[in-house]
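Visitor: I would like to learn how to read the features of a protein model, one at a time. Could you take me through some of them?

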Amino acid sequence: MKQALLYILFATFPFLFVSGNNGGPAIHFEWKGLAALPPANGAVEQPGLAGAFMGIHNNALIIAGGANFPFGPAWEGGSKVFHKDIYILQKNGKGEYTWFSSKPFSLPRKVAYGLTVSTEKGLVCIGGMDGETTFDEVFYLKWDSGLQEIEIENLPSLPVPVANMAGALIGGKIYVAASSENDNSKYFWQLDLSNPAANWETLPVWPGPARTHAVGIAQNDGETDCFYLLKGRYKDKKGPSKLYADGYSYNPVKNEWAAVGEKKGAGARQVFLSAGTALPIGANHIILFGGAEGKLLNVLEQFAIDIEAEADEIKRASLEAKRDSILKNHPGFSREIWSFHTITQTWVKVGELPEGSQVTTSAFWWDGQIVIPSGEISPCIRTPNILAGAMTDNVTFGALNYIVLLVYLLLLVGLGVVFSKNQHTTDDFFKGGNRIPWWAAGLSIFGTQLSAITFMAIPAKTFATNWLYFFLMMTIILVAPFIIRYFLPFYRRFNLTTAYEYLELRFNLLTRLIGSSMYLFLQLGRMGIVLLLPSVALSVVTGIDVHICILTMGVLSILYTVLGGIEAVIWTDVVQVAVLLGGALLSLVLLLINLDGADIVNYVSQFDKARIFDFTLDFSTPTLWVVLLGGFTTNIIQYGSDQTVIQRYLTTKDEKSAARGITTGAWLTLPATLIFFSLGTLLFVYYKVNPAMLNPTLQTADAIFPWYIVSSLPDGVVGLLIAAIFAASMSSLDSSMNSASTVVTTDFIRRLRPIKSEKTYLNLARLITLAIGVIGTGLALLMATWGISSLWDQFNMIVGLFAGGLGGIFVLGIFSKRTNGTGAIAGLIISGLVQYFIKEFTDIHLLLYAFTGMSTSIVAGYLVSLFFGKNDDENKQYTFYSLKNK
């Protein structure tokens, strides 16, 4: 079957099998020397430092303490010396890196091999040792760039003195994993920096063996930020150190550990490294920069054991000479750079350091580059050099893809020009003159809901998790008959232009204006988001500047929407849906061809990727009950009270055609969901099998499908699919622009300041469309300077707080004769307050916000109406009970 499919595709579309951008590692590194550590106060030269506290604070590199062999290596009679000097590296106005030298700074004591965690308030320096004593001290080390001073602020001491531990910062809390040598002890502590009265809290320890010199990193596992404890070594009393290639992740939300990494077996990459340095990169990667492989460590440790046990001086001297020869000719530590992906849990080599790796040091981002200061490069040997590196991907967008993208976007503008000839009245501009075929309206309804965010987010979600959200998408099929039976008649039979006209008919003008205002507020925020988030992902995978992406989509959307009105919007939606679904289906077929069936079955089963049901009675996770309740109410809100969707109902010739359009859009969700969910699952298997093809520079998990497109598909097809993602964003934007213009013109200007001339209304509608488009594009450009994840979270919070309440008053209006305008407005306000309480003081899943918002609005609105306000008989005729009797 697979061979037959392959033959058919090759015979029909041979260009699909022309190699695109794939092959080889997805990234490469370029390294350079940033600076060299200066000599300590009074010293002639600087051999470098190992185990120093180091990090970035107030845009300055701080290096404090550390240990070295200033009088020669051990085989020449030298001994390890611990230090307390502090070094400050800054970047001056000329772009040069210079060491602060006006006056010396030092720590209270000599110390090395502690842990440094960088925070906005300063470097948190934890534990360490001086060769004789192990410390439990914890303190902030701060650089005041204004006063040019070092400040030290004490924090609660550790429960136990430790050194060579691992740790990281997650959500304002420091996590530390440590072990003491020789007693197999394991410790895992947490300190909440946001609480001045907090002390170290003991947490469950990892399930694996005790270890020191491990890597501790905070990174997202596809759902939440976790603490990763990777590799390391451990020395007990019985003999040489044991080295580990395993790893564990701690989930702070669940307060539990899980083993991570590749299981032992054929093809598994078991990498034994300790004392290396690592950095979280992008959305889900951890990059490990070298480390000690341990091949000679165990030999040297065995020599130490044998020398101590040997009583014969001649034999002892011979053993010492052999040991010194190994030390003197040590090749240095591993140069290999390894990447670990937290979702696929794969290790892959992605490059090499220019020289031997620097161990017992740290790595961090500073000034847009990776910085690795000083450290140990072989036993007893340090380096004073500070290494700086840049990481870039190996994919280019290509001329052919740019041409395809340009032609596609010009085609969309051309549609606006074509349909501009049909725009004579606001009925044409807002309703398409009721000329839209039912099937086109249905595709447009579906396309409006299928934004570029959805196009990227659904495969990304199933790539990172499983199919638990499948029935969330299916609830629209359940909701569609409900919308057709109970909501659609009001919008069609009363010849409405906006959904909020109904609120005035049923309640009063104030309710209508509040509903319209809320819609406009949410749409402006939505416009910025649907432009920005896809632009960020597209910028990462194509190299096109994010601001150019935003401006391109914004300007072209404004152009064809102002010209062609809702007709241009709907027909561009039709083109977009065809290209997006076609491209997604093509990607799915190519993935199936390029993957082995056994790999698919194996990895889907091993990682539980096909899990679709969770019957747990838990409302804080996406269980089946959460998904069904949240999905049902969310779709009632979107299909029953969202002007962006409802406007499509009004473009067909009659109510029956509109109903067919709703049904078409709803049932299109089934094949689309199967395609996009399958894409995410197969992308997981693809990158599990081909981990080198993953791009660590992806700053958002939603970019995984676009990255597959540009890195694995042939030129031309890449351009078409990326153009389709552009078009999906533009479709969401143009829908919001036209619908918001409809609301402003109809609910505010025509209702409050009527104008006699229809032509004036049309020109005004176009000007409002232009203004809204400019505002939305401007917001996206402004948002590009803000935090992406927090921005998206805040927007979802606002939608959750108020959209459910707005949907609730529509339900009240249709199904309750007793509810009046006073109750509807009160229900909306109370719903917002209750939603805020739920968000702040409960752990209810985000999907349930729509349900709690709507139900609260319904209950509160009904109860208030029993005691306040009145409901005229004229208002009651706009309930379903009155309508069905007509």
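**Reading helices, strands and contacts**

Guide: Helix H4 (residues 399–419) has 21 residues and reaches 31 Å from its first C-alpha to its last, close to the 30 Å expected at 1.5 Å a residue. The expected span of a helix is 1.5 Å times one less than its number of residues, and helices (H or I, at least four residues) and strands (E, at least two) are DSSP runs, numbered from the N terminus. Please keep in mind that this is a predicted model, in which local features need pLDDT of at least 70 and side-chain atom pairs count only at pLDDT 80 or more, while totals for chains, interfaces and linings use all residues. Residues are numbered from 1 along each chain as its sequence is written, and side-chain values use heavy atoms, with hydrogens and water left out.

Visitor: Which residues of H4 are buried, and against which helices do they pack?

Guide: Buried means under 20% relative accessible area, whereas exposed means over 50% and partly exposed lies in between, with a 1.4 Å probe and protein chains only. In H4 the buried residues include Asn401, Val404, Leu405, Tyr408 and Leu409, and the buried residues of this helix pack against H12 and H18, where contact means heavy atoms within 4.5 Å.

Visitor: How many of the 12 residues of H6 are buried?

Guide: Nine of the 12 residues of H6 are buried, and the helix is mostly covered. Among the buried ones are Ala440, Gly442, Leu443 and Phe446, and the buried residues of H6 pack against helix H11 (509–542), helix H12 (546–594), helix H14 (624–641), helix H15 (643–649), H16 and helix H18 (717–752). The length can be checked as well: at 1.5 Å a residue, H6 (residues 438–449) should span 16 Å, and its end C-alpha atoms are 17 Å apart, which agrees.

Visitor: At what angle do the axes of H8 and H16 cross?

Guide: Axes are lines fitted to C-alpha atoms, for helices over the stretch in contact, and angles run from 0 to 180 degrees between N-to-C directions. The axes of helix H8 (residues 470–486) and helix H16 (residues 655–689) come within 9 Å and cross at roughly 170°. Angles under 35 degrees count as roughly parallel, over 145 as roughly antiparallel, 65 to 115 as roughly perpendicular and the rest as oblique; H8 and H16 are therefore roughly antiparallel to each other. The contact is made by residues including Phe470, Met473 and Ile477 of H8 and Ile662, Trp667 and Phe677 of H16. Its residues divide into 15 nonpolar, three polar and no charged, where Ala, Val, Leu, Ile, Met, Phe, Trp, Tyr, Cys and Pro count as nonpolar, Asp, Glu, Lys and Arg as charged, and the others, Gly among them, as polar.

Visitor: Which strands does E11 pair with?

Guide: Strands of a sheet pair through backbone hydrogen bonds, either parallel or antiparallel. Here two strands pair if DSSP finds at least two bridges between them. Four bridges join strand E10 (residues 123–126) to E11 in an antiparallel arrangement, and seven bridges join E11 to strand E12 (residues 149–155), again antiparallel. Leu141 of E11 is the bridge partner of Leu123, and Leu141 also stands opposite Ile152 in E12. Between E11 and E12, which form a hairpin, there are four residues, and Gln148 in the turn has a positive phi of about 55°. Six of the seven residues of E11 (residues 138–144) are buried, so this strand is largely enclosed by the rest of the structure.

Visitor: Which residues lie on each side of E28?

Guide: In a regular strand the side chains alternate between the two faces of the sheet. In E28, Gln369, Val371 and Pro373 lie on one side and Ile370 and Ile372 on the other, and all of these are buried. Three bridges join strand E27 (residues 364–366) to E28, and these two run antiparallel, with Trp365 having Ile370 as its bridge partner. Four bridges join E28 to strand E31 (residues 385–393), also antiparallel, and there Val371 is partnered by Ala388.

Visitor: Is Asn466 buried or exposed?

Guide: At 13% relative accessibility, Asn466 counts as buried. Asn466 lies in the loop between helix H7 (452–464) and H8, and touches Lys461, Asp608, Lys609 and Arg611, not counting residues up to four places away in sequence.
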